[in-house]
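Thank you all for coming; I would like to walk you through one structure this morning, going from the whole chains down to single side chains.

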Amino acid sequence: TAASSPAPENQEPPLTNSNWSPNMPLLSSDFKTHHSVISRLKNPNMKPVIYAGDVMKIMGFVNKFYQFFDGDLLNLSFQNFEVGLDLYPGGPVGEVAGIYDETKQRTLLYQDYLPIKDVVSSQDKMNLLFLTLLKLTFSQSKSGELQKTHQPLINLDQMKAQKKPFTMLIRQLRSSARTWGYPKEWRTNDVSKEQFFMPKSKLFENDEIEEPVDPKMSEILTPNIYQWHHHEPIPLEEDPLQLSELERDGILALKPRDRIILLRVMVDWCGSQSPRIRNEIYHLSHTKRDPSFGVQTQHAPRHLVEGSAVTYAQFRKLCSIVQSRYEIRSKKKHVKKQLSNGKKEDLSIKLKILEEIKQILKDMPKEERDQAMVNLYEKWEKLFEGELPDNPLSNPFEDEVYKLRQQEFFIGRVPHIGDFYLPRLHAYPDEGIINTYVNLRNLKSMHAKCANGEIDSLALFEKNGQVMSTQFKVLYHDTISLIRDTAQGLPTLGKTYWYEMCHDTRTLKEFLDFLDCKIVVSENQSKDLQSTEASESGPQQEESKDESKDESKDESKDESKDESKDESKDESKDESKDESKNGLKDGPKNEPKNEPKNEPKNESKNESKSELKDEKGKSTSVINKNPLPKESRFNPARNKLRFLKDYLSEMYDILRVFENLREQYGDTKPSQRLLRRSQRRNISYGFDSE
Amino acid sequence: IIDPTWIEPTKRGRKAADYSIDGYYKDVLQTGKPATPAQPKMPKPHPFYSHQLQHPQLKSLYEKERFWNAKKAGYMPNMDDVKSTYGDITDEKEKNQKLEILKLSVSNAQPFTEEEERNKTEWESEGFTNWSKTEFRKFITASGKYGRNSIQAITMELTPGKTVEEVRDYAKSFWANIERVEDYEKHLKFIEGEEEKIKKVKHQQEALRRKMAQCTNPLFDLMLNHPPSTNNKRTFSEEEDRFILIMLFKYGLDRDDVYELMRDEIRDCPLFEFDYYFQSRTPVELARRAYTLLQCLEKEFNSGLTLDEQTKKRLQEEDETGKRTRVEMEKEHE
């Protein structure tokens with residue numbers, strides 16, 4: 001009965017050709033033409049942390065495959081690794097033997113300023129983690145089926161009750177680890193890189209073959225046979241895995257640096273050998289549907305990639321599309337007939353909901369409508385059912401489709417700078433606890449509650465807050481340099497791409513102030529920014545196109561430059577560009593060819609200047625307070641930094657409550673009696689403060 | 001994968017238990033010569049192996065000698081000899097016919113003439129009698145494994161017995177007279193099949209090299225024109241696929257440990273630090289994915305590469321005809 005060619009206004013707007021998921025892919029190509037300048041972020045709290053990637057990798061593994069790990073491991077903080085394994089941030093080579101204390105004028109170790117009980121507890125956790133990974137790697141029981149419930153392989157008490165928990169497993173590990181592949185740090189490098197792969201080593205025969213034996217088929221398919229260098233593990237006597245103390249003392253038998261290497265490589269081995277983990281990975285990689293953006297190496301929550309404002313805007317856009325879809329559909333002849341016949345019950349219910357929504361919105365003043373759209377989320381959600389699997393505001397951690405490649409610790413990606421991470425565990429198990437791994441709306445309300453004191457440390461204590469990481473770090477990842485090095489095939493061993501930006505709420509506050517310095521813009525630019533913000537994503541994309549154009553020129557220059565000088569030069573170049581631009585007004589844009597030619601001159605002039613400035617800067621303060629360069633291509637970076645700042649300042653209140661929880665309650669487990677007493681104590685608290 | 005040179009050992013079985021006392025003391029009791037004198041027997045046919053590439057007429061010489069020897073011994077052929085000479089024949093009539101022929105040949109047998117004697121000694125020195133059956137089998141598998149013209153490589157598989165020169169001589173003779181070898185179609189098919197595999201890898205290597213040459217930055221812009229089938233569930237990301245191809249190019253397809261190296265590279269590369277899927281792939285799984293990707297790549301360059309070979313040949317031919325005409329023209333001018 002339907003018309004053979006529906007009029008355009010009768011056609012439902014498509015939903016499928018856009019990504020409406022609560023997650024966004026993080027592509028390496030985002031940074032293809034960018035160049036990061038680490039000194040831009042220089043501040044006293046910024047420290048290179050060579051082991052940060054390893055710690056995050058292990059934390060990510062525990063977090064993703066939480067059902068195999070005990071609760072005592074699911075509240076690990078980054079700091080637990082540092083204290084438990086005796087690792088200190090700050091050294092680019094990882095050989096820092098403590099934290100220098102300005103006031104005491106000496107280097108302090110963890111045991112110098114932490115209660116010994118805390119140090120031991122972290123050490124125990126590290127050994128428990130090690131033992132769990134070992135057990136998981138070798139455990140064959142129930143390997144055929146998928147483990148659905150939280151069943152840790154071992155807990156702290158069980159470990160302590162055993163006399164020699166490690167012995168047998170370590171021996172098993174030693175016998176197979178070499179074939180599983182040793183970590184790069186534990187391989188011998190007696191052959192140079194070129195020798196290793198380019199020229200084939202050890203010629204088996206000394207010359208090629210002259211004439212073919214079969215004139216009909218004259219091709220010589222194997223002119224020679226070669227032997228190759230293999231990756232050789234270090235000699236047995238230097239192999240950390242062969243240490244006999246390992247069987248008795250567990251992970252602590254090794255040197256601090258080797259401890260984290262072993263834990264990291266255990267994650268690799270476990271991932272590729274453990275039947276249970278492999279089952280789980282298979283399950284997660286063979287979900288019934290794919291994310292709408294396809295299978296990408298990694299992705300992260302949309303509100304962290306694009307900022308909450310854009311996410312809400314996208315949600316509203318989606319709502320209007322869905323609305324018109326329903327409206328157009330309900331007007332169709334055959335649908336009308338079906339509806340009047342009482343068929344299509346679900347559709348008529350949905351149409352009723354839509355009417356309700358429209359009614360509510362109609363009575364609203366225009367200014368409040370946007371927020372109201374979001375507040376009506378529950379109603380919208382019902383309308384989305386059957387139309388699309390998820391929406392920009394759904395919980396990014398909920399759907400299994402996203403789990404395997406989700407970057408749970410990711411908090412922001414800034415063009416020309418890099419990525420930021422906030423590693424905290426417990427993203428998946430949902431036990432009615434107060435969790436920050438929720439959808440955007442809930443996160444906002446949780447922040448509000450933390451900010452106004454509705455959720456305080458006691459409330460957290462009552463609600464098992466200790467199952468989450470109570471401490472945190474914000475880390476900066478120089479993804480740009482990493483991608484650049486990888487694309488060019490440069491060695492990455494021994495390089496640090498990770499920097500600590502802060503390690504508690506006090507330093508977080510400082511970091512937030514620091515971000516302000518970077519976001520500051522001149523008056524002209526603020527206009528630009530406003531316009532881009534107002535029109536959301538559209539013009540932004542255009543801008544990024546321009547950007548990539550003028551950057552491709554940029555890049556060709558950068559590449560020719562010496563690696564080691566890159567940093568300082570680029571910084572000076574940024575500034576010099578400003579000056580030249582101010583002088584020429586919009587000159588360079590009209591004559592783009594001139595730009596690269598002008599650059600080197602300015603650079604050489606400015607270099608000496610900026611160096612002087614640098615030295616002066618060092619004597620007065622180590623904070624690089626310079627805002628980002630004024631060029632318009634840095635506007636998206638400023639934008640993203642603002643999102644990051646907004647997010648972190650919201651997280652600040654939440655993280656502060658967790659920090660208080662740790663300070664006030666430590667590891668005490670809430671019990672009925674204790675809870676009653678602590679509630680009473682809380683009253684006197686209030687009294688005191690008044 | 002079973003090594004092609006592997007020959008399955010014979011089944012181990014229980015040896016027939018021999019409890020006979022007479023049998024046990026046989027050696028002790030029967031010290032003298034057998035009581036009954038040996039019946040004259042039909043001499044066995046002289047062993048003749050086609051792979052030894054001896055003169056084809058040598059076989060008939062041997063047969064002649066055999067019948068002569070039988071006649072000398074005064075032997076009368078029977079049904080058993082028909083079986084050993086012509087194989088199993090089901091038709092009774094034919095059997096009897098053959099028996100008659102045998103009887104005739106024996107009774108008509110003549111000793112070698114002088115010329116035949118000379119031919120025999122000459123032809124016997126010709127072939128490759130020192131090539132045993134197992135050596136021949138090894139030669140065939142090695143010819144497939146390395147390609148028929150890779151004599152040094154083939155020799156390596158035959159090392160204790162044969163030198164490079166011996167193998168080269170044999171190979172030359174083998175390819176020149178392949179029709180004379182029993183079951184040569186089978187052997188040829190095997191060798192050609194194996195050679196195809198080597199060529200395929202070379203082909204893929206070349207396709208990979210050309211693909212890489214097209215990209216300025218393969219980590220970003222390497223795109224397959226014929227991407228893997230969409231029917232299968234995609235588990236590797238495109239970036240991971242690109243990395244696999246880059247690693248294949250870096251180490252080369254002919255390297256035996258390329259997938260172990262790839263696994264290590266993936267673990268070493270901080271870009272995939274949090275990519276638990278990619279990091280958990282074993283060398284076997286990586287090899288499987290690489291195989292798929294290489295086939296896609298091959299599709300892309302298939303037309304291009306074969307065309308190259310053809311045009312090369314055509315160009316060569318054109319060159320030659322051009323030369324010839326030029327020579328002819330010069331002659332005319334003279």
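This is a predicted model: local features need pLDDT of at least 70, side-chain atom pairs count only at pLDDT 80 or more; totals for chains, interfaces and linings use all residues.

Residues are numbered from 1 along each chain as its sequence is written, chains are lettered from A and ligands numbered from 1 in the order in which they are written, and side-chain values use heavy atoms, with hydrogens and water left out.

Of the 690 residues in chain A, 51% count as buried, and for chain B the figure is 40% of 334 residues, where buried means under 20% relative accessible area, exposed means over 50%, and partly exposed lies in between, with a 1.4 Å probe and protein chains only.

Taking contacts with a separation of 6 or more, residues 24 or more positions apart account for 80% of them in chain A and for 66% in chain B, a contact being heavy atoms within 4.5 Å. The accessible surface of chain A is about 33,800 Å², with 50% belonging to carbon and sulfur atoms, and chain B exposes about 21,100 Å², of which carbon and sulfur supply 52%; these areas come from the Shrake-Rupley method with a 1.4 Å probe, and for residues only the protein chains shown count as cover.

Let me move to the rings. Over all chains the structure holds 39 aromatic pairs, meaning rings of Phe, Tyr and Trp (the six-membered ring of Trp) whose centres lie within 6.5 Å, with planes under 30 degrees apart called stacked, over 60 edge-to-face and the rest tilted. One such pair is Y110(A) with Y113(A), whose ring centres are 6.3 Å apart and whose planes meet at 55 degrees, so the pair is tilted. Both tyrosines lie in helix α4 (residues 110-113) of chain A, three residues apart, which is about one turn of the helix. Y110(A) is buried at 4% relative accessibility, whereas Y113(A), at 40%, is partly exposed.

In chain B, one aromatic cluster is formed by F128(B), W131(B), F136(B), F139(B), Y170(B), F174(B) and W175(B). R148(B) lies over the face of W175(B), 4.2 Å from the ring centre, and in chain A the charged end of K509(A) sits over the ring of Y652(A), 4.3 Å from its centre; the criterion is NZ of Lys or CZ of Arg within 6 Å of the ring centre and within 35 degrees of the ring normal.

Next, the charged pairs. How many salt bridges does a search of the whole structure find over all chains? The search gives 53, each being a side-chain nitrogen of Lys or Arg within 4 Å of a carboxyl oxygen of Asp or Glu. In one of them K160(A) pairs with D124(A), the closest N and O atoms being 3.1 Å apart. That pair links distant parts of the chain, with K160(A) in helix α6 (residues 156-161) and D124(A) in helix α5 of chain A, 36 residues apart. K160(A) is exposed at 51%, while D124(A) is buried at 18%.

Finally, Q298(A) is found in the loop between α11 and β5 (299-301) of chain A, and at 14% relative accessibility Q298(A) counts as buried. The side chain of Q298(A) makes a polar contact of 3.4 Å with the side chain of Q407(A), a polar contact being a pair of N or O atoms within 3.5 Å, where within protein one must be able to donate a hydrogen and the other to accept it, and residues adjacent in sequence count only if both atoms are side-chain atoms.

Methods. Helices (H or I, at least four residues) and strands (E, at least two) are DSSP runs, numbered from the N terminus.
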